[in-house]
Amino acid sequence: MAEVIKMPKMSDTMEEGVIASWLVKEGDAVKSGDILAEVETDKATMELESYEDGVLLYIGVKEKEAVPVDGVIAIIGEKGEDINAVLKEIETGAASAATTAETPAATPAETSSETIDTSGINASVITMPKMSDTMTEGTIASWHKKVGDSVSSGDILAEVETDKATMELESYDDGTLLYVGVKEGEAVAVDGVIAIIGEKGADYETLLKAQTMAASAPAETVSSPEPVETAAAPTAVATETKVESRPATSSNGRIKASPLAKKLAQEKGYDIAQIPGTGDHGRIIKRDVEAFVPTAAPSTDAAAPGAAPVTLPQVVGEESFEEAPLSQMRKTIAKRLSESKFTAPHFYLTMEINMDKAIEARKSLNEVAPVKISFNDLVVKAAAAALRQHPDVNVSWMGDKMRKNHHIHIGVAVAVPEGLLVPVVRFADNKTLSHISAEVKDLAQKAHNKKLQPSDWEGSTFTISNLGMFGIEEFTAIINPPDACIMAVGGIKQTPVVKDGQVVPGNVMKVTLSCDHRAVDGAVGSAFLKTFKSILEDPIRILV
């Protein structure tokens, strides 16, 4: 009987896997224990074994394609076996799931069949335009028109404060301002109704009601005989208009121009006084600056006669980019660290540590050690020793309970080209520095070669992230859940220190402990750091 092979959950955080390569093809004989494919998870590339004997009858996922956990990968059965019924059952299951997901979406269409006919209303709804790529709402800084005023195309209706600047809202319709929907100082979302312009006496209330119904109903279900005309952020079009070439000025001689027009004129190098205004009462607006053609003016520079003019290139570079799909590892890093940062209330404790004795101890140890001991190995061992003295830091937050770990498993962050992995040194407090050094090197090599197994990265109770080798003096790290703490280790820097009342050169290292305040309090974290500091400043204490 045919057996369906599904994507297994190969790690505690895995949600989907990518078929890196198939090692068998359809029609091949397969035995229990044979490797069917290599699967890229969020942590490593792992082998997918067969637990059935038979023939590979069907492959449902191509190489480099992703499939969620429990998704169908392949079918194994007897040679010549008819699997059409199995395939149909798989397709039916997927189709029924899609139908279930779509069914609730059809309900609103049945309940919103009523529409309002606005074809006879000679008026237009003005909505809040999207004035920048990041804008989600705008605030009406001031209205330049009031209800009942006549409005011409190009007139400034209001000044709108966005997330980046205060900009002018121009009218692109002629008529009367029939309705103002937002008061000065109030915010309105992009595409929200601001005002209505139309012929005097037009039934704007019906138009407003139709607009409200259209906004509240799903876009694909709204159908009216003639759509409501909406003047939402149309682009400015320069029209040929014969205007007086003298800009409008106020009684004190100040030229009337909008802030946006002034900014554009400054960027283009135009004299704002030479630009004729076509806005309200001769006000210079954006359209005027864009349509303005400057006349040649005699140069006033004190340059030498006959000097060649400087011509600036119009284009000095070209914008370009490429988009790459996210790897499984990068997706998991984004999800887990976002959840940690925005769920766990982080607080940070920073301490300076004099590393003079640690430097001497490392030099002495490396003279007899079978492997080279690094400063990070000393940090791991010192942290393990300090955790043994402060068990309230060696805890895990489990949501509805807190786990107090009696063992000490230290995760060591390792950077790989695809992202970040955290292999675990188990029972670090019981291991010698040489043992820790050899194990960390082995785990780091496995991480780079994508050979880590789930047992290599699961179960940490405390994490260390060290960027000292990159010249980083100090930084803060995001907690690796369910751990309650992570320690960020900076580089060793030679700096003046006070010793026996004298200022002498010293080697200082900064560490920052990130704590989850749900599980660890400030005093508890501080006591741990104090012990950690005392151990590194006198490394012989590690042996106690």
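Where is the place of Asp191? Asp191 sits in the loop between β15 (187-189) and β16 (193-198); strands (E, at least two residues) and helices (H or I, at least four) are DSSP runs, numbered from the N terminus.

## Basis

This is a predicted model, in which local features need pLDDT of at least 70 and side-chain atom pairs count only at pLDDT 80 or more, while totals for chains, interfaces and linings use all residues. Residues are numbered from 1 along each chain as its sequence is written, and side-chain values use heavy atoms, with hydrogens and water left out.

## Backbone exceptions

Most residues other than glycine have a negative phi, and most peptide bonds are trans. Asp191 is not a glycine, yet its phi is positive, about 75°. Its relative accessibility is 52%, which counts as exposed (exposed is over 50% relative accessible area, buried under 20%, partly exposed in between; 1.4 Å probe, protein chains only).

Lys64, in the loop between β6 (54-59) and β7, also has a positive phi, near 75°. Lys64 is exposed, with a relative accessible area of 62%. The peptide bond from Pro481 to Pro482 is cis, with omega near 10°; Pro482 lies in the loop between β25 (462-466) and β26 (485-499).

## Nonpolar cores

A nonpolar core is a set of buried Ala, Val, Leu, Ile, Met, Phe, Trp, Tyr and Cys residues joined through side-chain atoms within 4.5 Å. The largest has 73 residues, and Phe462, Met487 and Phe532 have the most contacts inside it. Helix α7 (residues 375-389) contributes the most to this core, nine residues. Another core, apart from it, has 17 residues, including Ile140 and Val188.
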